[in-house]
Each structure stands twice: as C-alpha cells, then as structure tokens.
Amino acid sequence: MTQPTLNKPPLLVFTDLDGSLLDHDSYDWQPAASWLQRLEQWAIPVIPTTSKTRAELLALRQELGLEQTPFIAENGAVIGLPPSWQHARLDRDPASPDGLVVKTPSMDVDFIRRRLDVVRERHGLRFRRMGEMDLAEVRELTGLSTAGAEQAMSREGSEPLVWEDDDTKLQALHETLRVDGLRLTRGGRFWHVMGAVDKGQAAEWLLARFESLRGYRPRTLGLGDGPNDLALLSTTDMAVVIAANHGQPMALGGAQVYRTQARGPAGWSEGVAHWLAQESGWESGEPQ
C-alpha cells in the first residue's frame with residue numbers, strides 16, 4: 001500500500017480496537033471494512049488507540065491496512081510513529097522495526113510489576129497480574145491464539161490484572177497506586193496499571209506532533225466502548241460511544257457524543273457514518 005498523503009487531511013480518527021473496531025469475542029473487523037477502505041481512499045488516518053501491546057499491533061496494522069498511520073498502545077503508555085509522522089531531528093532511529101519510532105511516556109513495566117507485588121502483600125489484596133500468568137491462562141482469559149497471547153504478554157509500559165477482591169479494596173488500590181504515580185483503568189477483560197498517562201493524553205501528544213509538522217490542527221473523531229476510552233472521547237471534537245454489554249457506566253455527554261445501537265465493528269461503522277454524514281462534503285462521497 002502506498003503511503004497516504006498527509007498534507008491536508010481534514011480529519012484524524014482515533015479508535016479503540018477490542019469491542020469497537022474489532023468484535024469483542026471473535027476479533028472480526030469485516031463489518032467495518034467498507035468504511036476503512038473509504039477512509040483510506042480519502043487519506044484520513046485511522047489511529048488505533050488501544051490497550052493492546054506494540055507486538056499485537058504490528059500484525060494487526062498490516063491486516064487492517066494501517067501500516068502508515070501512528071498507533072497508541074497499552075492505553076497511552078506506548079506511541080508508535082511511522083516515517084511520515086517523525087521529526088527529522090527528534091526521531092531518528094535507523095534500527096527501528098518497519099521504520100517505526102516508538103515513544104514510551106509511561107513507567108517501565110518492571111517497576112510497575114514490583115510496585116504491584118509490594119502493594120498486594122502490604123494490603124492483603126487478591127488479584128493476578130498478567131506477568132505472573134502462564135500462556136494457557138492468558139489464552140483462556142482472552143480467547144487468543146498461542147501467538148496472540150504471547151504478543152499480549154509482551155508488555156512495555158503497563159500491566160493488566162484480574163481483580164479478585166471486593167470493590168472497597170479496589171478503591172484502596174486506586175488510592176495507593178495514585179500516591180506512587182501510577183494509574184488504574186478498566187479495560188474490557190482486565191484492569192490496567194500504568195504511569196500517569198491515558199489514551200486522551202497520547203492522542204493530544206499526537207495532535208501536537210501533527211500540528212508541528214503540518215502547521216494546522218485537523219478535526220478529530222474518537223470511537224470506543226469502555227471506561228478506558230473516556231479520556232480519549234472527551235478530547236476529540238466528535239465522539240462515538242459504541243454499545244457494549246460490560247455494564248460499566250460511560251458517563252459522557254454533550255452534543256459531540258453519539259451513542260450507537262449496534263455493537264463492535266457494526267457499531268463502529270454506524271458511528272463513523274453518523275458523524276461523516278453531517279460533515280460538509282462527506283455525504284457526496286468526497287470530503288472538501
């Protein structure tokens with residue numbers, strides 16, 4: 001695929017993956033394929049913004065046709081920049097895989113794991129970290145293949161955990177981690193612990209990078225289905241809350257928010273269609 005022209009895209013699309021662009025259970029994305037193709041034709045960058053790892057995303061970006069766009073991994077702890085988003089002086093890395101330069105604004109995962117172990121013992125908490133699970137357990141929890149589970153376990157700036165205690169103690173964990181400069185956020189299957197970063201901050205960082213390279217700030221569309229997407233959806237000009245069955249509150253309001261009827265990639269397409277039908281020029285099939 002040829003590299004898209006990024007001189008004047010009128011829009012950047014930031015999207016969650018699991019439960020949004022990808023089906024929560026099957027990981028299928030075909031219901032969104034026609035919109036992905038249309039956005040590619042219009043050279044509109046679609047930026048995965050996910051709890052997945054860099055290792056998971058490298059294969060997915062190729063499958064989804066998104067090799068030339070940036071990505072946000074591990075809920076904002078890892079940011080990947082393709083060549084067209086790199087600053088000539090700040091981002092040189094001849095050894096980078098696939099021409100990518102990776103930024104890690106969060107804390108190192110080994111530090112996070114050590115702190116979690118100390119906190120668990122000190123407060124008598126019950127949870128299991130992904131880093132102490134075996135491959136079979138991660139496969140069972142996620143439904144991933146062996147290779148997919150290995151990629152999910154390849155963490156750089158965050159640690160997922162399965163909470164096995166009551167809600168009162170969960171709040172205590174929140175507070176203890178906050179004092180340590182760490183953050184706890186809810187994903188689809190796991191809680192995620194990372195430094196003081198989130199998807200919204202990472203999206204703002206990418207927008208600032210875009211503006212410094214291109215000289216203007218495009219409009220933004222964010223799509224997500226879970227609580228860990230709220231920071232992202234509150235920063236974009238247009239937001240799509242994709243229907244989900246996780247039962248967690250998605251407290252986000254305002255005229256810039258659209259809530260879908262459909263779930264997963266069908267809801268993703270519904271949300272993209274809703275906003276682009278209102279934007280001048282899109283309904284005729286060619287953005288202005």
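View 1. Five of the six residues of strand β10 (residues 219-224) are buried, so the strand is mostly covered. Buried stands for under 20% relative accessible area, exposed for over 50%, and partly exposed for values in between (1.4 Å probe, protein chains only). Strands are DSSP runs of E with at least two residues, helices are runs of H or I with at least four, and both are numbered from the N terminus. The model is predicted: local features need pLDDT of at least 70, side-chain atom pairs count only at pLDDT 80 or more, and totals for chains, interfaces and linings use all residues. Residues are numbered from 1 along each chain as its sequence is written, and side-chain values use heavy atoms, with hydrogens and water left out. β10 pairs with strand β1 (residues 11-15) in the parallel sense over five bridges; two strands count as paired if DSSP finds at least two bridges between them. Within this pairing, Thr-15 has Leu-223 of β10 as its bridge partner. β10 is also joined to strand β11 (residues 238-243) by four bridges, again in parallel. Here Gly-224 stands opposite Val-241 of β11.

**View 2. The open sheet β3-β4-β5.** Three strands in the order β3-β4-β5 form an open sheet with antiparallel pairing. β3 and β5 (101-103) are at the edges with a single partner strand each, so one side of each has no neighbour in the sheet. From one strand to the next, the twist averages 25°. Helix α2 (residues 54-64) packs on the sheet and touches β3 and β5, its direction making about 145° with that of β3. Contact means heavy atoms within 4.5 Å; axes are lines fitted to C-alpha atoms, for helices over the stretch in contact, and angles run from 0 to 180 degrees between N-to-C directions. Helix α7 (residues 199-214) lies across β3, β4 and β5, at about 25° to β4.

**View 3. The loop between β3 and β4.** β3 and β4 are linked by three antiparallel bridges, and Ala-73 has Val-78 in β4 as its bridge partner. Glu-74 lies in the loop between β3 (71-73) and β4 (78-81). The phi of Glu-74 is positive, near 50°, although the residue is not glycine. Glu-74 is buried, with a relative accessible area of 0%. Asn-75 lies in the loop between β3 and β4 too, and has a positive phi of about 60°. Asn-75 is buried, at 2% relative accessible area.
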